[in-house]
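Please look through the structure shown here with an eye to its charged pairs, its helices and strands, and the residues packed inside.

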Amino acid sequence: MHEYTSTVRVWGLSCPGFPEEVSRARRWTRDILHGSPLADDAELIVSELSTNAILHTASGRESGSFHLAVAVSAQVVAVSVTDDGGTGTAPKIEHQDQDAEGGRGLGMVSTLAHRLVVHDSEAGHTVTAELFTNGHTC
């Protein structure tokens with residue numbers, strides 16, 4: 001394959017902002033990545049990012065939604081969750097003490113992912129986690 005050519009497949013899913021939609025997003029991701037060694041990590045990341053969208057943004061309000069994208073190439077699996085915004089700050093990794101009951105999710109995602117990117121806009125936030133395959137050279 002030419003070094004500037006690659007095959008990337010992208011899937012998208014929009015979900016109402018209900019808690020039960022997180023399991024739908026997980027199943028959908030697992031089905032797309034069936035057989036991939038990255039499927040379990042991607043499924044866990046989707047679960048955490050979708051839950052964060054519902055709990056911490058306008059996605060969880062009445063008529064709210066979140067949007068999921070999965071992109072797969074020979075080098076990387078990228079999962080992105082876009083929320084409806086409605087918060088004053090973008091998602092960020094917080095370092096909680098041992099006894100805290102929450103606030104560890106994005107830290108866990110950053111541990112699983114090779115790269116974590118947060119895009120902030122007036123319309124919402126998109127958190128993208130990239131999982132590199134073994135052959136990734138970047």
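Arginine 30 forms a salt bridge with glutamate 43, with the closest N and O atoms 2.6 Å apart, where a salt bridge is a side-chain nitrogen of Lys or Arg within 4 Å of a carboxyl oxygen of Asp or Glu. This pair links distant parts of the chain, arginine 30 being in helix α1 and glutamate 43 in helix α2, 13 residues apart; helices (H or I, at least four residues) and strands (E, at least two) are DSSP runs, numbered from the N terminus. Arginine 30 counts as partly exposed at 36% relative accessibility, whereas glutamate 43 counts as buried at 14%, given that buried means under 20% relative accessible area, exposed over 50% and partly exposed in between (1.4 Å probe, protein chains only).

The model is a predicted one, in which local features need pLDDT of at least 70 and side-chain atom pairs count only at pLDDT 80 or more, while totals for chains, interfaces and linings use all residues. Residues are numbered from 1 along each chain as its sequence is written, and side-chain values use heavy atoms, with hydrogens and water left out.

The structure holds 3 salt bridges. Another of them joins glutamate 21 to arginine 24, with 2.7 Å between the closest N and O atoms; these two residues are 3 apart in helix α1, and therefore separated by about one helical turn. Here glutamate 21 counts as buried at 13% relative accessibility, and arginine 24 as partly exposed at 31%.

Helix α1 itself has 12 residues (residues 21–32), which at 1.5 Å a residue should span 16 Å, and the 17 Å between its end C-alpha atoms agrees with this; the expected span is 1.5 Å times one less than the number of residues. Its buried residues are Glu21, Val22, Ala25, Trp28 and Thr29. Because they cover an arc of only 125° around the axis, they lie on the same side of α1, the arc being that of the directions from the helix axis to the C-beta atoms. These buried residues pack against β1 (9–16), α2 (39–56) and β2 (65–72).

Strand β4 (residues 115–121) pairs with β5 in the antiparallel sense over 7 bridges, two strands being paired if DSSP finds at least two bridges between them. The two strands form a hairpin with 2 residues between them, and valine 117 stands opposite threonine 128 in β5. A salt bridge also connects glutamate 130 with arginine 115, the closest N and O atoms being 2.9 Å apart; since glutamate 130 lies in strand β5 and arginine 115 in strand β4, the pair ties together parts that are 15 residues apart in sequence. Glutamate 130 is buried, with a relative accessible area of 14%, while arginine 115 counts as partly exposed at 44% relative accessibility.

How values were computed. Contact = heavy atoms within 4.5 Å.
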